[in-house]
Amino acid sequence: MEKRRSVAFHTLGCKLNFSETSTLSRMLEKDGFEKKEFDDTADVYVINTCSVTDNADKECRQLVRRIQRRAPESMVVITGCYAQLKPKEISEIPGVDLVLGAAEKFNIGSHIRELVKGDSAKISSCDIEEVSGFNASYSLNDRTRTFLKVQDGCDYTCSFCTIPMARGKSRSDSIENVLRHAHDLATSGVKEIVLTGVNLGDFGKGPDGNKKNEEDFFDLVKALDKVEGIDRYRISSIEPNLLTNDIIEFVANSDKFMPHFHIPLQSGSNKILGLMRRRYKRELYADRVGLIKQLMPHCAIGVDVIVGFPGETEEEFKETFDFLHSLDVSYLHVFTYSERANTQALQITPVVPVNVRNDRNKSLRNLSYMKMQYFTAQHAGENRKVLFEGHEKEGMMEGYTDNYIRITTPFRQEWANQVIDWKI
């Protein structure tokens, strides 16, 4: 009897990647593969990559070296954004056997069956313009919250970003399909769904990205709110210009959509926003935050911000710092600008020295820490609902309140995947 082959996965990057990795894993298990942990010895290792920063590229190379040391006879497959952007570069990393671009990622099973160790690395990719079609995916059994992908790709042309080159044009699932997945997840015992996409607010373009459907993101939110069996939804990230008053008002009145938004800002300087080719100004961003807090004073708001973008002077960084300091937001995800090939930002001068970028990053991370401490302190003594995750870590378990305050407590099995009233 033929030995059952084993596969291990590692995910770099965003929630969208986690949802896709989980789906690829289930596909291969259905194909007869045995799933292993990444630190175990497996016949095939799959690394689903990100390429938002240089660090993700380096991390991919380090992971391949680690596999080479542990299991030199195993197959190594690289997919994801980095694989679409730089397939030849990846194929030349010693130990890599297969590189799958965006169009071939979900055909992974047939590709692996044809792999022979020792051949030169095979590249299966195409120009991103040829990538169409929407592949639904969601994470399951990996954690209590499930990441459900409803949209992919992006039609925006931000000057710092490679994502449109890695994932193609904006395209979406249908509301009918998303509702079917939500019903299936409810049946599986999932309590919370995090809606994910590259440009989530752009939901509604058909699977081929060529037409604008009659459906939009607000329609999707309203439809999901009626699904029986799902207790909580979160919107993973939404552009400020696509976060409408209707969406904010609906979330404020919904029992299922959590009071939590993550809204990319990138810079608090209108000049830098213009150089970044963002589609809004800081005034619109402040308006969105103001309305959210007016309707939901308890709402958590997360912010993406980039420091050290080309041309960012000390005054413009201070503008960003002061703007964020003044906003009633809860935490920041701070990214240090890194040069990406084939982006328009490479033409912008002057370049900010790396040590200055790092100092600015540290400054905003300190601000983020203070923001989160303040936000948590505002809710001290309140009773809020916490969904506890099912895995134990050193005798502890953790969960999040409706408004995204992390709670850690000694592990209790009966609380796993349960919504518990908790006094903060």
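Me: Phe-160 and Phe-309, buried or exposed?
Reply: Both Phe-160 and Phe-309 are buried, where buried means under 20% relative accessible area, exposed over 50% and partly exposed in between (1.4 Å probe, protein chains only). This is a predicted model, in which local features need pLDDT of at least 70 and side-chain atom pairs count only at pLDDT 80 or more, while totals for chains, interfaces and linings use all residues. Residues are numbered from 1 along each chain as its sequence is written, and side-chain values use heavy atoms, with hydrogens and water left out.

Me: How many aromatic pairs are there in the whole structure?
Reply: The search finds 12. Rings of Phe, Tyr and Trp (its six-membered ring) pair if their centres lie within 6.5 Å; planes under 30 degrees apart are stacked, over 60 edge-to-face, and the rest tilted.

Me: And what sort of pair do Phe-160 and Phe-309 make?
Reply: Their ring centres are 6.4 Å apart and the planes sit at 85 degrees, so the pair is edge-to-face. Phe-160 is in the loop between strand 9 (151-152) and helix 6 (163-167), and Phe-309 in the loop between strand 14 (300-307) and helix 12 (314-326), so the pair ties together parts 149 residues apart in sequence. Helices (H or I, at least four residues) and strands (E, at least two) are DSSP runs, numbered from the N terminus.

Me: Which aromatic cluster are they in?
Reply: Phe-160, Phe-309 and Tyr-337 form one cluster.

Me: OK, charges over rings. What sits over Phe-134?
Reply: Lys-149 lies over its face, 5.1 Å from the ring centre. The cut-off is NZ of Lys or CZ of Arg within 6 Å of the ring centre and within 35 degrees of the ring normal.

Me: New topic: what's the strand order in the open sheet of 4 strands?
Reply: The order is 7-8-11-12, with mixed pairing; two strands pair if DSSP finds at least two bridges between them.

Me: How do strand 11 and strand 12 pair?
Reply: Strand 11 (residues 192-196) pairs with strand 12 in the parallel sense, over 4 bridges. Ile-193 has Tyr-233 of strand 12 as its bridge partner.

Me: Last one: which residues touch the most other members of the largest nonpolar core?
Reply: Phe-217 and Phe-261, out of 66 residues. Such a core is a set of buried Ala, Val, Leu, Ile, Met, Phe, Trp, Tyr and Cys residues joined through side-chain atoms within 4.5 Å. Helix 8 (residues 217-224) gives the most to this core, with 6 residues.
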